[in-house]
Protein chains: 2
Amino acid sequence: MDVATLVAQAREGKPRAVARLISMVEDASPRLREVMAALAPLTGNAYVIGLTGSPGVGKSTSTTALVSAYRRLGRRVGVLAVDPSSPFSGGALLGDRVRMQDHATDPGVYIRSMASRGHLGGLAWSTPQALRVLDAAGCDVVIVETVGVGQSEVEIASMADSTVVLLAPGMGDGIQAAKAGILEIGDLYVVNKADRDGAATTARELGHMLSLGEARGPGDWRPPIVKTVASRGEGVDEVVEALEKHRAWMEAGGELRLRRRRRVADEVEAIAVTALRARIGDLRGGRRLESLADQVLSGSLDPYAAADELIAGLGA
Amino acid sequence: MDVATLVAQAREGKPRAVARLISMVEDASPRLREVMAALAPLTGNAYVIGLTGSPGVGKSTSTTALVSAYRRLGRRVGVLAVDPSSPFSGGALLGDRVRMQDHATDPGVYIRSMASRGHLGGLAWSTPQALRVLDAAGCDVVIVETVGVGQSEVEIASMADSTVVLLAPGMGDGIQAAKAGILEIGDLYVVNKADRDGAATTARELGHMLSLGEARGPGDWRPPIVKTVASRGEGVDEVVEALEKHRAWMEAGGELRLRRRRRVADEVEAIAVTALRARIGDLRGGRRLESLADQVLSGSLDPYAAADELIAGLGA
């Protein structure tokens, strides 16, 4: 199927076309460039929510509950479950099937697991492109769910309009939070499993630690803390409410545009650097670098001047 | 002092000028470019010997003995002791003073320790430039001595005309050798401390392992194994003889030119990639990337097309 037809079908919300396009992103298809050019005029509508937290805090359950809440508001919702450690990907994972049960028959929901399967720039590169597919496919809200391990939560936070950090009572989560640096990335904190012992303590400790953070001015955003029992849907409407407030605050102050601009600038820069490296790599087999090396060896050129000529020769 | 004067003094072999220039390399001085341009026509004479081995095999003693042997032949000798793990550098290290005792008053010898002190490309970048300083300063032979840990010995081997791998009897060196991949990098193997028990066994095992390596044709170089007691100077003339044979073989078959060309090509490529990254980095503060990001956000441009425009805008 040609790219124009795929994009047209994705725009109508046909799940198979959306799936095909995201697979092309994951596989770094040679037609990706054509896909992105076709998608460009269709994007800019989706509100991107990042959702992260340690294993066991209830990310999948919370995502499912959030999807339900947004569906009740009539929004079309996309979910990208990003697993930086998984070598697998795609909609065939058991996890997806289980999670999709609530929304499997709902044409207003698209759920997809993603892994960095050999993509040059990894998920940091493929995720924004997959977001663009869901955006063009008419999603009003896209939830990017990722395990909070290592750097991945920071990376994903930089791709979202609003970032939700999920915690659960006990397990020294407060201290873990400080360690993981999640205190700097959350626009909204959710203490899930709030029916368990220690939920109040976790929320209080978290509030204390957030207040110790950088000083905030009168117009600054103060990340709220919401308690939920996602498995019963309790508190989830409050989460949506807080997210909508954050979105309104970002739109009013210009923060939303700044975040998105920074995000796109990162993406464009990453593509440019990769393209330049590839062009230099192409020269290795050829005569140009060899001839420059010969001139350096003969002393007629220094290595810096040779590098300049190499760059000029890229036709960049 | 201006670069031209420094280079002129280094060419006369003045140690302080040589030291200043190598410090400029280590510190990634902004005048490095000017230095390299001034040095270019003066280089191409030095024969670069890489010397590597595990801690305790007698690298410093062997280097000192090799310097003495080359001095007896009337050659001017430079030594770069490269320590990838050390945050320090320069001629003030105790190790240098100890090692210089034999050659401290000899104007035909220049010894210098180097570390990668904040240099962007690390030692892989600074070492070739320091070699160029010593080459221009009139060294006929430069010995690059490095600890054989991790990847560093492979990196250093790629910078040398001939690579000497040093071993000592016992300590399961044979097995260690195979593990470290040094069987692929040596043009010459030296079993030092040959007066100790097990020297013959080590040499035999090594010979066996080398013969198991890739098949060699009639005209190929077969790395010889030389036994030394470097502390008494025994066998060191044989090492020099073997090195001179290797050099003659490389010159006759064109291998020397190929190795040097590959080395310089690597260096030029590394400088070019760094320069391109820096140029893109410079754009971050500016209006260009911001304006491209805005066009992507508005949907009038896709990120690949934006990256193309970014590259075109580099003036590369």
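Author: A definition comes first: two strands pair if DSSP finds at least two bridges between them. The model is predicted.

Start with one pair. Strand β1 of chain A covers residues 47–53, and strand β4 of chain A covers residues 141–147. The two run parallel and are joined by 7 bridges. Within this pair, L51(A) stands opposite E145(A) of β4(A). Strands of a sheet pair through backbone hydrogen bonds, either parallel or antiparallel.

Now widen the view. In chain A, 7 strands form an open sheet with parallel pairing. Their order is β3-β2-β4-β1-β5-β6-β7. The edges belong to β3 (109–114) and β7 (225–227) of chain A. Each has a single partner strand, so one side of each is left without a neighbour in the sheet. From one strand to the next, the twist averages 20°.

Next, the helices. Helix α2 of chain A, residues 15–26, lies across β2 (77–82) and β3 of chain A. Its direction runs at about 25° to β3(A). Helix α9 of chain A, residues 199–212, also packs on the sheet. It touches β5 (162–167), β6 (188–191) and β7 of chain A. The direction of α9 makes about 170° with that of β7(A).

Last, the second copy. The same surface serves both: 100% of the contact residues of chain B recur in chain A.

Conventions
Residues are numbered from 1 along each chain as its sequence is written. Chains are lettered from A and ligands numbered from 1 in the order in which they are written. This is a predicted model: local features need pLDDT of at least 70, side-chain atom pairs count only at pLDDT 80 or more; totals for chains, interfaces and linings use all residues. Side-chain values use heavy atoms; hydrogens and water are left out. Contact means heavy atoms within 4.5 Å. Helices (H or I, at least four residues) and strands (E, at least two) are DSSP runs, numbered from the N terminus. Axes are lines fitted to C-alpha atoms, for helices over the stretch in contact, and angles run from 0 to 180 degrees between N-to-C directions.
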